[in-house]
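Work through the exercises below with the sequence and the structure at hand. Each task is followed by a solution in steps.

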Amino acid sequence: MKFLKPGKVALVTRGRYAGKKVVIVQPVDNGSKARPYPHAIVAGVERYPLKVTRTMSQKRMLKRSKVKPFIKVINFNHLMPTRYALELETLKGVISADTFKEPTQREDAKKTIKSAFEDRYASGKNKWFFTPLRF
């Protein structure tokens, strides 16, 4: 699909991560041999950072500002695109189709994504991406 490009923020509509926000890292429009349907490799936020106030100590602020990411291959039918986008130059080289074959590669990719997401959250960019959906 033309509008599901890398960097586009989408919502997951089905499965374990339903209602979570993801950013598309690599779309596969025609499918592959292993997955013969259009899908995308995505990185998302499994656990969102909590609210922080001025009265909190620095230690408590750091603890509440943590982000738990996930990486997944998701069918286009289960993604709802939004108008938002994220620049993700750091994530493009980290996740590929081969990342999902080896568990250690998955963990390394998640750690890299975690640090990228936390840096972005700390800088105050893309606030909407780091707030949970309310419905």
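**Exercise 1.** State where His39 is placed and whether His39 is buried or exposed.

*Solution.* Step 1: His39 belongs to strand β3, where strands are DSSP runs of E with at least two residues, numbered from the N terminus. Step 2: The model is predicted, so local features need pLDDT of at least 70, side-chain atom pairs count only at pLDDT 80 or more, and totals for chains, interfaces and linings use all residues. Residues are numbered from 1 along each chain as its sequence is written, and side-chain values use heavy atoms, with hydrogens and water left out. Step 3: His39 has a relative accessible area of 5%. Buried means under 20% and exposed over 50%, with partly exposed in between (1.4 Å probe, protein chains only). His39 is therefore buried.

**Exercise 2.** Identify the residues that His39 touches.

*Solution.* Step 1: Contact means heavy atoms within 4.5 Å. Step 2: Leaving out residues up to four places away in sequence, His39 touches Gln26, Pro27, Val28, Gly31, Ser32, Val73, Ile74, Asn75 and Phe76.

**Exercise 3.** Describe the largest nonpolar core.

*Solution.* Step 1: A nonpolar core is a set of buried Ala, Val, Leu, Ile, Met, Phe, Trp, Tyr and Cys residues joined through side-chain atoms within 4.5 Å. Step 2: The largest one has 20 residues, and Val23, Ala43, Ile95, Phe117 and Phe129 have the most contacts inside it. Step 3: Two or more residues come from each of β2, β3, β4 (68-75) and α3 (103-123). Step 4: With 4 residues, α3 gives the most to this core.
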